[in-house]
Amino acid sequence: MIQRPKKVLIIAAHYDDETIGAGGTIKKWSDLGTEIHVLFVTNGSTGIDQTGDYTSEDIVTIRSEESKEVARMLGISNIYNLNVPSQSVENTQRFFHRIIFYIRKLQPNLVMTHLNVDKHRDHVQISEVVKEACWKSNEDIHEELGECHRVDDLWAFEVTDLLPKVDVVVDISNTIDYKLAAMEVYSSQKNVIKGILSHILGLSRVRGYMVGKMHGEGFMRLSHGPLVC
């Protein structure tokens with residue numbers, strides 16, 4: 001049994017990725033006292049469907065406001081945003097250092113992010129940078145980025161692409177309804193990823209079945225080193 005972490009940092013590409021990938025776990029752990037922070041990398045500017053209900057001028061503000069409501073629902077302590085334009089994430093030194101800065105600033109025990117085997121270019125770039133940043137944040141260099149911090153573990157969550165293997169399943173049988181309700185708050189995206197609620201519910205049943213529970217969320221370890229028990 002893996003011990004519940006005291007502090008978690010979720011680094012997600014877009015508004016709603018944190019809920020799709022870990023919404024049930026966020027609610028479960030926050031209710032138990034875990035301090036959870038979410039760092040969004042992009043500003044959500046490309047999340048516009050073809051109905052004409054949103055424009056490039058208002059979608060960024062709308063999605064930001066939706067994320068704040070979701071944070072209240074799920075018990076997220078703080079949300080941050082790097083405001084990188086969507087579909088423009090690049091593995092640069094500046095981006096790498098910004099991730100190290102937030103890891104050192106927030107000092108999480110556990111970091112969650114995307115997997116580098118994914119269809120979305122933003123997810124792939126973020127995964128690679130976060131994995132390196134978690135390791136580099138413990139090195140005694142770049143004092144301008146904050147005090148050194150060692151991350152205990154790094155997990156990848158599932159959005160629309162499934163993990164090739166699952167190392168951890170969190171039982172979210174009692175919080176799946178909160179996860180689904182949080183996705184409803186992201187109403188600006190309901191026509192962008194059609195059928196996402198069915199995907200979330202179906203996958204939660206599959207992951208729950210793996211551990212003999214009704215609903216679960218699966219995660220894959222990305223850490224360079226072993227866990228310390």
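This is a predicted model: local features need pLDDT of at least 70, side-chain atom pairs count only at pLDDT 80 or more; totals for chains, interfaces and linings use all residues.
The largest pocket holds about 680 Å³ of space, and its lining is made up of 25 residues, among which N109, V151, D152, D153 and L227 lie nearest the centre. Two elements, helix α4 (121–136) and strand β5 (153–156), each give two or more residues to this lining. By residue class, the lining of the largest pocket divides into 12 nonpolar, 6 polar and 7 charged residues.

Turning to the histidine, H97 lies in helix α3, which covers residues 93–106. H97 has a relative accessible area of 15% and is therefore buried, since the limit for that class is under 20%. When its neighbours within four places in sequence are left aside, H97 is in contact with H142 and L145.

As for the cysteines, a search of the whole structure finds 0 disulfides. C134 is in no disulfide, and the nearest cysteine sulfur to that of C134 belongs to C148, 14 Å away.

| Residue | Relative accessible area | Class |
|---|---|---|
| H97 | 15% | buried |
| C134 | 10% | buried |
| C148 | 26% | partly exposed |

C134 thus counts as buried at 10%, whereas C148, at 26% relative accessibility, counts as partly exposed.

Notes: Residues are numbered from 1 along each chain as its sequence is written. Side-chain values use heavy atoms; hydrogens and water are left out. On a 1 Å grid over the protein atoms alone, a cavity is a set of points where a 1.4 Å probe fits but cannot get out, and a pocket is an open set with protein on both sides within 12 Å along at least five of seven lines; lining residues have an atom within 4 Å of a point. Grid points are joined across faces, edges and corners, and a volume is the space filled by probe spheres set on the points. Helices (H or I, at least four residues) and strands (E, at least two) are DSSP runs, numbered from the N terminus. Ala, Val, Leu, Ile, Met, Phe, Trp, Tyr, Cys and Pro count as nonpolar, Asp, Glu, Lys and Arg as charged, and the others, Gly among them, as polar. Buried means under 20% relative accessible area, exposed over 50%, partly exposed in between (1.4 Å probe, protein chains only). Contact means heavy atoms within 4.5 Å. A disulfide is a pair of cysteine sulfur atoms within 2.5 Å.
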